[in-house]
Every structure is written in structure tokens, then in C-alpha cells.
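Please look first at the sequence and the structure together, and then read on for a guided walk through some of the contacts inside them.

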Amino acid sequence: MYTSTKISIRDLNVSAGKTQILKNINIDIPKNKITVIMGPSGCGKTTLLKCLNRLTDLYPELRVNGQIMIDDNNILEAKEDIYKLRQQMGLLSQRPYPLPMTIYNNIAYALKLRGIRNRRETHKLVMHYLQQANLWDEIRTRLREPASRLSIGQQQRLCLARGLAVNPEIILADEPTSALDPISSQFIEETFVRLKHDYTIVLVTHVLRQARRIADNVVFMYLGDVIEQGSVEEVFGNPKMEKTKLYLGGTFN
Amino acid sequence: MTRSQKIEEKFFKLLMILATYFILAILAIIIYSIFEKGIKSISWEMLTQVPHGGYYYGKGGGILNAILGSLALAFGATLLAFIIGMPVALYLNVFLIRHKKVIAIIRFLLDLVWGIPSIVYGAFGFSLMIFFGLQTSLLAGILTVTLFILPIMIRSMDEILCTVPIGLQEAAYSLGSNKSEIAFKIFTRQSFSGIITAVLLSFGRGIGDAAAVLFTAGYTDHLPNGLLEPVATLPLSIFFQLSSPVPEVQNRAYASALVLTLIILIVSLFSRGVGKRYHKTKINF
């Protein structure tokens with residue numbers, strides 16, 4: 001089956017001082033699929049994700065070299081439109097970080113950044129995105145409360161709704177369920193599966209079962225190297241590399 | 001727990017308790033002596049009148065000149081220091097994020113000037129006044145006290161802004177916020193109550209300082225009368241009254257100290273209230 005590539009990473013190297021965090025990474029991430037990046041802690045998954053929306057700029061110690069093409073644009077060279085560029089991607093981090101404002105304004109803020117200021121449209125879209133993130137029914141009467149009062153699971157879904165509100169094409173998720181209870185995790189997973197028809201999803205996880213459940217494509221990383229990548233059936237069903245077999249067998253975590 | 005661990009635990013617990021109560025006791029003694037000596041002399045007349053002729057030898061009048069002068073001076077200086085200091089603190093934490101060395105140098109310099117005694121600021125303010133041809137005045141006092149409290153204001157805001165989690169910044173950046181949005185929408189809201197504390201701390205230092213205003217604001221028995229006129233302040237008023245040989249006037253000094261303490265108490269309760277209220281509702285602005 002032919003799928004077009006949304007993000008293509010070529011010869012990506014990231015280092016901090018003398019430590020090489022990512023070594024010659026080459027990955028193709030297909031459009032409208034869930035690509036799971038998995039591997040043990042400290043293998044560079046999170047750094048890779050942060051390269052994709054240039055959050056690496058916030059860390060002066062990081063040196064980033066190589067090419068990351070999104071559609072036909074090398075984002076590592078983009079200089080001026082960095083803020084616009086980040087809006088192509090919604091980010092979901094390990095822990096939810098609601099903005100210090102009300103639930104409603106968390107979404108409205110994102111909409112404003114996208115250029116939507118009309119009140120009626122804002123109302124409509126706030127509702128729309130909260131529904132998309134499976135949160136609307138629980139909090140429809142609490143929209144004016146501070147977002148920090150929601151439970152962690154609800155906060156994470158709020159962050160997802162907020163990420164969607166900037167109208168991205170890509171969703172980046174960094175172990176988004178690691179702080180959540182099983183039911184909230186399931187909510188997030190289901191939402192991802194539903195969203196992949198409209199978005200390209202890159203999910204970092206170290207939960208193998210989660211990868212198996214929702215991934216279309218899998219990238220296995222170990223100590224800054226990409227060891228193996230391919231469809232979920234290939235990598236889980238018939239791993240080619242010794243390290244992948246060991247990891248899937250639970251020998252190292 | 002072994003026996004030695006138990007002894008260690010008990011020892012340090014005792015030490016902490018002793019240290020805490022020791023400090024509390026000293027504070028209590030200071031406040032008690034201000035109250036004890038001040039409460040006798042405090043009167044409606046003292047709060048509502050300016051010194052009459054011979055006030056400092058025990059005749060009638062009050063310290064309204066110093067109360068209003070100090071309030072005008074401290075509010076002016078705090079406002080000015082906030083207007084200058086807030087952007088500096090935000091600049092350090094948001095815009096300079098890629099230049100850790102520059103941040104470290106600026107912080108070091110600010111810590112250094114924090115330690116300079118206020119009399120030096122007073123002398124510096126005085127030489128500035130001469131340079132600009134300014135007389136001792138409310139304006140000169142405000143400018144000098146502003147310089148004096150700026151490092152306090154900036155560094156205490158800076159310490160609060162430092163604690164904004166990097167994850168929250170990443171979340172806001174990933175939505176496409178630019179740096180000024182991050183500074184004004186995220187940092188200021190997240191740190192609101194800490195910023196109020198910083199302002200309060202600076203106000204307290206500003207209103208309580210005598211040396212910075214000695215040469216610059218001057219002193220007068222009249223009410224504050226415009227930016228370019230000299231102005232009386234409570235710390236100097238306390239100093240002049242304490243230097244009087246008349247016991248009654250010395251007691252009035254304590255009464256003035258009581259007024260100063262109460263002003264700081266009221267301002268700090270008020271701003272704490274604002275901070276709490278904000279935390280409850282997280283105003284939508």
C-alpha cells in the first residue's frame with residue numbers, strides 16, 4: 001500500500017557538549033498514520049521529538065545538525081517562521097501542562113494564536129475541540145474554572161484539545177499516558193486512533209503493549225541509534241535485529 | 001531507627017525549634033517595645049497634624065508630613081522600580097534563555113549591588129542631583145530609592161520567574177506563542193503571587209530606609225507639596241525625634257515607628273489578599 005511521507009529525517013545528529021544524543025538518524029514518517037518511537041529510557045526519543053518542532057531552540061547546549069523535511073520544507077533551516085512552524089504540530093508532553101488560565105481560555109488562547117478572534121467562532125471551536133479530545137461532556141459546566149483544578153487525566157485531554165486548536169497537521173506525543181490512570185490512558189489511545197485519519201501522529205512510548213495496540217509504524221531506538229523501523233507487523237512479528245528481539249522479549253527496559 | 005539516629009533526630013529537631021523560637025522572641029521583643037513606648041504617645045493629633053513650632057522640644061503637632069511623605073515616596077519609587085524591574089526580570093528569563101552566561105553575569109552584578117549600603121545610594125543620588133541641578137525634593141528621593149530597591153525588585157522577581165516549569169514553556173511555545181506572549185501571558189500569570197511578594201518586599205525596604213533619602217528628599221515640617229519640593233519621611237522623622245533630649249519626644253519616635261510598622265502591615269495584608277484572590281479565580285485577562 002502506498003502512503004506518502006509526511007516527515008523525513010535525514011542524517012540527524014544532536015549532541016550536548018561531548019555527548020552524542022542522536023546519531024545519524026534517518027526516519028520516514030508516513031502521513032495519516034501512527035508512528036510509534038520506542039526504546040529504553042535515555043535513548044533519545046524525547047530529544048528526537050523536540051527536534052521536530054524546534055523546541056531544541058530552548059536548550060542552548062544542544063547542537064542539531066542534519067535535515068528534517070516536513071512536506072518540502074527543511075525546518076532546521078527555517079529562521080523566521082519558527083512560531084508558525086510550531087503551529088503545524090500539536091504537542092502532548094509526559095505530564096500535562098495546562099496554561100495558568102481557565103479551561104475555556106486554554107483553548108481560546110490557542111485559537112487566538114491561530115488568528116481566530118471572533119467570539120462566536122471561538123465558542124463554537126472551543127466546544128468542537130473539547131469534543132474531539134473526549135472532554136466536553138465532563139466539563140461543559142466548568143469552563144470558567146481554572147484548568148489546574150481538573151484531574152490529571154482531564155488536564156491531559158485538555159492539552160490535547162489545545163494542541164488540536166492551533167489546527168496542526170501533526171501530533172507529537174511524548175509518553176502522553178505515563179502519568180495517567182488506565183481509563184484516561186485508554187481515552188487518549190482511542191482518541192489517537194480516531195484522529196489519525198486527519199493527522200499524522202508521532203508517539204513516543206516505552207509501553208510495548210501500547211505500541212502494539214495503536215501503532216501502524218514502529219521505530220526502535222537504542223542509545224541514540226535507530227536500530228530498526230518498519231510496520232508494526234514486521235517489527236513486532238518478525239524483528240530482524242538482535243537488539244530489537246531482546247527488547248521485545250523484555251531483556252532490557 | 002538505631003539509637004544514634006534517634007539521638008541525631010532529636011538533637012536537630014531541638015536545634016530547629018530553638019532557632020525558630022529565638023527569632024520569634026526577638027521579633028516579639030522589638031514589636032513589644034515599639035508598642036509599649038509608642039502606644040502612650042500615639043494620638044489623633046499626631047496622625048492628623050504637621051509638627052508645630054517646637055514639636056521636637058515637646059510642643060504640639062504631629063507627623064502627618066512624614067506619613068504622607070513616606071507614602072508618596074515609597075509608592076512612587078515602588079511603581080517606578082516595578083515599571084523598570086518587571087521587563088528586566090522577564091527579559092532575563094524569557095529572551096536570554098539561550099545565553100546562560102550573560103544571565104549569570106547579570107544576576108551576579110545585581111546581587112552585588114543589592115549589598116551596597118543605602119547611604120552609598122544616597123550619596124550617588126546626591127551627586128546626580130547636583131549634576132542635573134536638582135534640589136532636595138520628592139522627585140530626587142523617589143529616583144534614589146528606586147535605584148536602591150531595583151536590585152531587590154529584579155532579583156526577587158527573577159527568583160520567582162525561574163521556577164516557571166520548562167514543560168509549561170514548551171507547551172506554550174508549541175502552540176506557536178512568541179516570546180512576548182510567553183513573557184506577558186504565561187510567566188506573569190504563573191508567577192503572579194510571587195511578583196506581588198517581590199513588589200511588597202521592595203516597598204518595605206523603600207519606606208523603611210533613612211539613609212537613601214537623607215540627602216536627596218531632605219526634610220520639611222510641611223505636607224508634601226509637589227515633586228520638586230523637599231519631603232519628610234518617617235525614618236528621618238523617627239531619627240530626629242529620637243535624637244531629642246526630651247523623653248516625651250523620644251516616645252513619639254516610638255509612636256512613629258509604630259505607624260511605620262502598621263503601614264507595612266496593612267500594605268502587606270492587602271497585597272496578600274489580592275494574591276490569594278487571584279489564585280482562587282485566576283482572573284481572565
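Predicted model: local features only at pLDDT ≥ 70, side-chain atom pairs only at ≥ 80, totals over all residues.

Residues are numbered from 1 along each chain as its sequence is written, and chains are lettered from A and ligands numbered from 1 in the order in which they are written.

In soluble globular proteins, nonpolar side chains tend to be buried together. Here the largest nonpolar core has 137 residues, of which A:Ile107, A:Ala161 and A:Val202 touch the most other members. Such a core is a set of buried Ala, Val, Leu, Ile, Met, Phe, Trp, Tyr and Cys residues joined through C-beta atoms within 7 Å, where buried means that 20 or more other C-beta atoms, placed from the backbone, lie within 10 Å of the residue's own.

Turning to the chains, 24 residues of chain A are in contact with 21 residues of chain B, contact meaning that C-beta atoms, placed from the backbone, lie within 7 Å.

Within chain B, the axes of helix H7 (residues 166–174) and helix H8 (residues 179–190) come within 11 Å and cross at roughly 150°; helices are DSSP runs (H or I) of at least four residues, numbered from the N terminus, and axes are lines fitted to C-alpha atoms over the stretch in contact, with angles from 0 to 180 degrees between N-to-C directions. H7(B) and H8(B) are therefore roughly antiparallel to each other, a term for angles over 145 degrees. The contact is made by B:Leu168, B:Gln169, B:Ala172 and B:Tyr173 of H7(B) together with B:Ile182, B:Ile186 and B:Gln190 of H8(B).

Terms used:
Buried ≥ 20, exposed ≤ 12 C-beta atoms within 10 Å, placed from the backbone. Contact = placed C-beta atoms within 7 Å. Helix = DSSP H or I, 4+ residues; strand = E, 2+ residues; numbered from the N terminus. Parallel < 35°, antiparallel > 145°, perpendicular 65-115°, else oblique.
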